[in-house]
Amino acid sequence: MSQVATSRGRVGFIAGFLVLPLALYLTFVIWPYIQTFGYSFTNWSGQSPTFGFIGLDNYTALMKDEVFLGALWHNLLLLVFVPTLTILLALFFAFMVNAGGRSGAGGVRGVRGSAFYKIVYFFPQVLSLAILAVLFGAVYRSDEGGLLNGFLIGLGLVDPAHPVEWLNEPNLVLWCLLLVVVWHGVGFYLVLFSAAMQSVPKDIYEAALLDGAGRAQTFVKVTLPLLWDSVQTSAVYLGIAAMDMFVLVSTMTSGSFGGGPDHHSEVMATVLMRNFLYFGKSGYACAMGVVMLVLTMILSVVTLRATRRERIEF
Amino acid sequence: MTTVIKAPGEAGAQRSGGSGRRTGEGGGRRSDGTALNVFSHGFLAVWAILIVLPLFWLMLGSFKTDSQIGGSALGWPSNWHFDAFVRAWDKGIGDYFANTVIVMVFSVPLTMLLGSMAAYVLARYPFRGNRLIYYFFVSGAMFPVFLALVPLFFMVKRLDMLNSYQGLILVYVAYSMPFTVFFMHSFFRTLPTAVHEAAVIDGASDTRIFFQVMLPMAKPGLISVGIFNVLGQWNQYILPSVLMQPQSGSDPERYLLTQGLIQLQQQMGYETDLPVLFAGVTIAIIPMVVVYLSFQRQIQAGLTSATLK
């Protein structure tokens, strides 16, 4: 494509258009990011204007901080299970919605009511995490009044005298939170994958059908490879979401900024916020921020590398 | 990357309509198709129920009394009073709602305007450092907000804008910049240059070309990224919860809706009035349902194409 040539008079125009966005972006995004790196080498409390340079002490302390290491482990667990579960479910439903009603050599077509399913499935995506926190706080309530316990008691699977304390059970709490994320995300990725499936030309399916491929075979050998780009992008996005988790953990679990019971649902973001706003250890919190950034970047690069395949043009 | 935004929802709806009529046409394949249809509808219906049921149940809760909510989850409200909604509104949900709207009335248009301006210049005018500034903007999308949180708090504090609308508006605009620039950049690149050249020949200035020619042409892109920003900013929780705390006793509370709901939930530890909490959530959900159902095609298309860009 051709671009408009730059002349002298344009310099003012270009600068004029860039100055405000750049100034805002530098002030509120880039500069704080850079400062975080700087502060992570100090013992800054946030309140006092003075602080000392302490080198890598924050980082060595982090490596010994049991709570932080536990949180890191939880993030890694989420990192594995959130993308895997969400993508598998989304692919499954996308296949059901799109190819389930396939007949003849018509390529990808939806089952009856596929538009309806997409509308319903996608809806959680427009709800804020704060709403999800309240909603699932009520669903996971530890007495008969909770939707889940109410159901299980109704079915006779749970003793009414001892309902399950979903969010207070050390071994359950993280998985309960994981399911909220999956519930929230499946619809979005379903729509994403459906869009990708529908952009696959019909003749590819016709060819597969002529070669005698069944539905499942078509999916694994034709559809999935053509969707690989979307799956890859999804994995990165979901991975970043799994590294965060702050809103759900801090609002749904016990303790200041969540993480309870006894740090069993702790994630890095909640430890960071507690150190910053509660313990007043700003420098230490900054070091955690840096660790989170490095992990996020490694994650993105590794995901993109590990899942790289021959790109199929169509 | 170079195609104009498609509307996948639209395509899907048309195709599914077609299949509805044609299912079972294929003679020998009929039984196979029917079995799969029953199978897939079964799974699809189960998940649909899993989505709708909790939401519906929660909304129902706003009509129950506190003891009913604590009693059994499966109970039906005994009478349909709207008391809880009134109490929720009095408890501040109305104010939180208003605060959120005030912030977004400014932040979203400002995001779109500044984002498109930067994206346009970067997409259409070659100059030294162009790529650098572009990557500079776009790289921000990679980093978690947490990384900046601590210094950001003190930056806003130094500007004396903690717990102020203007502070939050500026921060929202700044944090929406990476994605908006990224998306609009790729959009402006796809627009034909001929119209632009014609406008130049007609003697229009660069600024005028942008506002009167290019921006109207970029409308589909603006809608997509606009929806993305509206949802993103409406649902933002971390930034307001750090930046919108009253700074002194006399400082009025300016909570946003998400923040206010969490606040309500956390107060529930001391005084139990769950119907109010549920009513508050219902009040927060209803506008989303309305917006979603009226724009669901654009929202689905906008959000998913935005992710794939």
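Let's start where two chains meet: in this predicted model, helix α12 (residues 282-306) of chain A and helix α6 (residues 146-158) of chain B have axes that come within 7 Å and cross at roughly 150°. Angles over 145 degrees count as roughly antiparallel, so α12(A) is roughly antiparallel to α6(B). The crossing of these two helices is left-handed.

Which residues make this contact? From α12(A) come S282(A), A285(A), C286(A), G289(A), M292(A) and L293(A), while α6(B) supplies F146(B), L147(B) and V150(B). Sorted by class, the contact of α12(A) with α6(B) has seven nonpolar residues, two polar ones and no charged ones.

Now step back to the whole contact between the chains. Chain A brings 92 residues to it and chain B brings 94 residues. On the side of chain A that touches chain B, helix α1 (residues 8-39) of chain A gives the largest share, with 18 residues. That side of chain A is made up of 56 nonpolar, 28 polar and eight charged residues.

Helix α4 (residues 114-122) and helix α7 (residues 173-198) of chain A have axes that come within 7 Å and cross at roughly 140°. α4(A) and α7(A) are therefore oblique to each other. In this contact, K118(A), Y121(A) and F122(A) of α4(A) meet V186(A), G187(A), F188(A), L190(A), V191(A) and S194(A) of α7(A). Here the classes are six nonpolar, two polar and one charged.

Staying in chain A, have a look at helix α6 (residues 147-154) of chain A. Which of its residues are buried? They are L147(A), L148(A), N149(A), G150(A) and I153(A). After α6(A) comes G156(A), which has a positive phi, near 80°.

Finally, turn to chain B and what a record says about it. An unreviewed UniProt entry places the feature "transmembrane region" at residues 38-60, 96-120, 132-156, 168-188 and 274-295 of chain B. How do two of these spans look in the model? Residues 96-120 of chain B are 100% helix and 0% strand, with end C-alpha atoms 35 Å apart. Residues 132-156 of chain B are 76% helix and 0% strand, and their end C-alpha atoms lie 27 Å apart.

Methods:
Residues numbered from 1 in each chain as written. Chains lettered and ligands numbered in written order. Predicted model: local features only at pLDDT ≥ 70, side-chain atom pairs only at ≥ 80, totals over all residues. Contact = placed C-beta atoms within 7 Å. Helix = DSSP H or I, 4+ residues; strand = E, 2+ residues; numbered from the N terminus. Nonpolar A, V, L, I, M, F, W, Y, C, P; charged D, E, K, R; others polar. UniProt positions renumbered as here; feature names shortened; annotations may be inferred. Buried ≥ 20, exposed ≤ 12 C-beta atoms within 10 Å, placed from the backbone. Axes fitted to C-alpha atoms, helices over the stretch in contact; angles between N-to-C directions. Parallel < 35°, antiparallel > 145°, perpendicular 65-115°, else oblique. Left-handed = near helix turned anticlockwise from the far one by under 90°.
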